[in-house]
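Subject: Structure handover

Hi,

Here is the structure I promised to pass on. My notes on it follow below.

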Amino acid sequence: MCPLFSGSWGTRFYSGSATLPKVEGTNITGIEEVVIPRKKTWDKVAVLQALASTVSRDPTAAPYAFQDDPYLIPASSMESRLFLLAKKSGENAAKFIINLHPKYFQKDIAEPHIPCLMPEYFEPQIEDISEAALKERIKLKKVKASVDMFDQLLQAGTTVSLETSNSLLDLLCYYGDREPSTDNHFQQSEKSEELEEDTGENDKKSKADDQFGVTWRAKNNAERIFALIPEKNSYSYCTMIRGMVKHRALVQALNLYAELLNNRLQADVYTFNALIEATALNMNEKSEDKWNNILELLKQMAAQKVKPNLQTFNNILKCLRRFHAFGRLPGLQTFREMKAIGIEPSLATYHHVIQLFYHHENPSKGSSRIIYDIMNEITGQKFTPKDPDDDMFFQSAMRVCSFLRDLELAYQVHGLLNTGDNWKFIGPDHRRNFYYSKFFSLLCLMEQIDVTLKWYKDLVPSVFFPRSQTLIDLLQALDVANRLEVIPQIWKDSKEYGHTFRSDLKEEILMLMARDQHPPELQVAFADCAADIKSTYESQDARKTAPDWPANSLNCIAVLFLRAGRTQEAWKMLGLFRKHNKIPGNKLLNEFMDSAKASNSPAQAIEVVKLAGAFSLPICEALTQRVMADFAISQEQKEALGNLTSPTSDSDSDSDSDISEGI
Amino acid sequence: MLPRVSAVRPLRPLSCFPLCSGGPEVPAAATVLLGAPHGTARTKNNVQRYFGTNNTICSKKDEQPASMHEISKETESQESVKENTKKDLLDIIKGMKIELSTVNVQTTKPSSTRQLKSVEATINRLQKAPGDAPKKRTKSLSPELVAAASAIADFLPFDKQTTKSELLRQLQQHEEVSKAQKNGGRAKISVSNIISDMKVAKSATIRASTRPVHQIQFDEGSDDYMSQKTSDVKKSLRKNMLKGKRLNIFDLKAVTEETSETETTPSLWDIEFAKQLAAVNEQPLQNGFAEMIQWTKDGKLWEFPINNEAGFDDEGSEFHEHIFLDIHLKDFPKQGPIRHFMELVTCGLSKNPYLSVKQKIEHIEWFRNYFNEKQDILKENGIEFN
């Protein structure tokens, strides 16, 4: 084997140069160079990614995150929220227990070893007093223990290295001298629920900060330790400034910056970013002064050769939003500046620009067209997360689309959302719901009904659960397009999505169904639907929560029953009018009269008149005359009618019993 | 490039005539006139920018080739010419606006922007230059054109004959320019297109002047034109957003310049920021494969592709390095018992899946050292080594 191989090796070696064979004069074309194929290295998730890309969303199925079990598939946004929270909290609870009692979870059954399944140690292991122990406590984010250790070290006369002191300062400044709260992403999002327009976004943010109770206290441990460090470097100052700004100690932060400059030190870009924020949040100044101060900071950055980053510009734009209309021109200039120096804007940048131009927009005034520029600019781009606010963009863009009533633009935004992995930027649950509600409402308003219904099938319920207002929008679209036959289906859906007790939705449905006459089959379907709605009102009565029956609904249900020929039930409805002390409409009474005439029952007709009389309705007389004219009635009945029309209506109890007779 | 500019310039004085006189047709004329200079200027602009960057590179290197420098100067001068043209026209349009408002009370605030936009729109269309034009251009001014020009002349409250001839002369000149450009393989400008534009742009200015911009598209008849127009309007606005005054605080060179960044361990701030970023696009998993990806990343799952190399770290060495070990036998004798022995060793090693390449080579090295140490015994027995 060996000689053969080495022989072939030799020829292979020479055949690389084309001239050699000629020199040798031998014909060696039979032996060609062997190119050993390179080993193909696969990314460990490449196969899975390829497979995952073949799976598209199934509009008929619940999202994958839910258990595939009919009982556990959510039917409303509240349920979906509940289920996700339950799942997450289960994971958290398990993790918590494992970490709380690590000694019971030592058995390593996996081969190869899986680190993430093993308990994490959160208790410091080093007991003695040393810098290593301090470092460990800092790493474990034990704020109080670290401070204690630092003090003990100092008392023992040990000097702590600058690096360790600075990382201690980091810890103290980041958490504002409080123990960090355990990460619970879901709880946070619950608190900042913002289903409606995020008008008070900034207020909410500050409120959220207050909720976590982290404000900068004067003379806290951070300031104390900062003062104790003998040779502070610029990093010490920087982290202090950042901490102060984070916890809204703005004036102190600006003062400390002045001190830093006095000590001939330089701030880094992150500190400048924080300072920009501090300048803008400072209460006592006018927008113009604030802007000038920001510009001053930027000039200092340029002078000190500190390179701005994306965060710098996003911060500026975010702050400019507080200046309202004044911020627009500076905002554009800032945007151009960042483009000019080659910093690629992120979605958050565009979000801030949109907010700047559309947040306080007055619909009567001509609106800005900047959203078109933005969309032209970014259509087809794929984004990666670069800023914590990146997930706000789609929501605000769709809000503007809805505000401008521009469907084409909305499609463009939606197209961008579906480019690459951009859909991941839609944000948490409530933001997704907001986005899709706006999008769908716009579709209802502007799109052809068939297309709208297609979207409805596609989006509901696999992507979002509609709010009742969204459904009302859809109903109105159906009304405009004259496709009322879909209404019973919509009612079924809305029941499923948890809007059973939304009276505005129910009234809208009933009103649309009862407004016009329809072919008999449709009337039957409508009547079924009405009966269903009626039953929800009844169960509502039992719950004694919501206000009782609105007169409109009663009217509509009765009319629907009448038209479908369910006379009995319609008459029962009349009883309900009395029970809830509501007044039937003239149209309804006339319809009853028609129905009585159709069944040729003068008794029923007289009941109607009696009822009208009992409510002392002005239509009473007209009805009486109709009865006289249309029906063959006995003398006795005539007299009864005469009594009714006379001003002295004898008794309520009479007509009450009459109605019950009629039933 | 230069000839084109000079060809365009004489148009300006002409433009003054109808413009100064005022009247509703004026913007239309302006549209035509502005169309050419701006259209050509655009291409120039690109060129200029190209050279501009070159120039900066040169200055950086401190060696400026004369020719390059000249060209960039040239383009600069052209740029200024373009600027002048533009400015003049803007002035004219401004002046005209006042005229208009006296004539037509309805023409309120938006008119000037409106006109500019229509100008922009025309420019953009001119650049597109449809392909059906060349046929007409072979003749000098088709009768259609003449008719159109006379129609316009009728519209004007001045001496019809003069206007008409002025217009025709104008068109002819224009045609020559475009012909020259066409022969030069440059952007084609269709005269008939301009004429049609004139008409529509005019009506748009007058009727739309009191309306918000975005409503216009519903009011005009010719659809394709209007849709094109709105997109053009958008484009022109986009230019406004991206191009304009900036803060002028930072310098591109200073910012992009690479500084030797000292690698430091990420601080708590950095780590937390990274966590925040990771949370931004965190979404519930979409399908089972996505979940498996997540598990793979967590380390809970065997890594794909599943083979017998899982967990075997071999520093990326390849198959042939494992199998063909004879190249490591170069230092051994070409024949004899040692050779025979070593061949058996390599054969065995090549079938061993548990050793890494490095270990295999070390194994062979060990034998080399071993035989080296035993040189004297080997010599005694008459076996040659080395």
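Among contacts in chain A between residues at least 6 apart in sequence, what percentage join residues at least 24 apart? The figure is 67%. Please keep in mind that this is a predicted model.

**The two chains**

Chain A has 663 residues, and 45% of them count as buried. Its secondary structure comprises 33 helices and zero strands.

Chain B has 386 residues, with 39% of them buried. Here there are 18 helices and, again, zero strands. The accessible surface of chain B is about 22500 Å², and 55% of it belongs to carbon and sulfur atoms. I ran the contact count on chain B too. Of its contacts between residues at least 6 apart in sequence, 68% link residues at least 24 apart.

**The interface**

The size of an interface is often given as the accessible area lost when the parts come together. For chain B and chain A, that comes to about 6600 Å². Carbon and sulfur atoms account for 67% of it. Chain A puts 79 residues into the contact, and chain B puts in 62.

On the polar side, 12 residue pairs are in polar contact across the interface, both partners being at pLDDT 80 or more. The rule also finds one salt bridge between the chains. The side chains of A:Lys141 and B:Glu272 form a salt bridge, at 2.9 Å from N to O.

Which helices of chain B face chain A with at least two residues each? They are α11 (223–242), α12 (252–256), α13 (268–280), α14 (288–298) and α16 (337–350). The largest share of that side comes from α13(B), with nine residues.

A:Asn314 first. This residue sits in helix α15, which spans residues 310–320. Is A:Asn314 buried or exposed? It counts as buried, because its relative accessibility is 1%, below the 20% cut-off. Setting aside residues up to four places away in sequence, A:Asn314 touches A:Ser346, A:Ala348, A:Thr349, A:His352 and A:Asp387. With A:Ser346 there is also a side-chain polar contact of 3.5 Å. A:Phe335 is 21 residues away from A:Asn314 along the chain, with 9.0 Å between their C-alpha atoms.

Next, A:Thr500. This one lies in a loop, between α24 (487–496) and α25 (503–515). At 17% relative accessibility, A:Thr500 is under the 20% limit and so counts as buried. Which residues does A:Thr500 contact, leaving aside neighbours within four places in sequence? They are A:Trp491, A:Ser494, A:Lys495, A:Lys506 and A:Thr536.

Last, A:Phe96. Its place is in helix α4, residues 77–100. The relative accessibility of A:Phe96 is 52%, so this residue counts as exposed; the cut-off is over 50%. A:Phe96 is also part of a nonpolar surface patch of about 530 Å².

Best wishes

Conventions
Residues are numbered from 1 along each chain as its sequence is written. Chains are lettered from A and ligands numbered from 1 in the order in which they are written. This is a predicted model: local features need pLDDT of at least 70, side-chain atom pairs count only at pLDDT 80 or more; totals for chains, interfaces and linings use all residues. Side-chain values use heavy atoms; hydrogens and water are left out. Patches are made of residues with over 30% relative accessible area and no salt bridge: like charges are joined within 9 Å, nonpolar side chains (Val, Leu, Ile, Met, Phe, Trp, Tyr) within 5 Å. Accessible areas come from the Shrake-Rupley method with a 1.4 Å probe; for residues, only the protein chains shown count as cover. A salt bridge is a side-chain nitrogen of Lys or Arg within 4 Å of a carboxyl oxygen of Asp or Glu. Helices (H or I, at least four residues) and strands (E, at least two) are DSSP runs, numbered from the N terminus. Buried means under 20% relative accessible area, exposed over 50%, partly exposed in between (1.4 Å probe, protein chains only). Contact means heavy atoms within 4.5 Å. Buried area is the accessible area (1.4 Å probe) that two parts lose on being put together, summed over both. A polar contact is a pair of N or O atoms within 3.5 Å; within protein, one must be able to donate a hydrogen and the other to accept it, and residues adjacent in sequence count only if both atoms are side-chain atoms.
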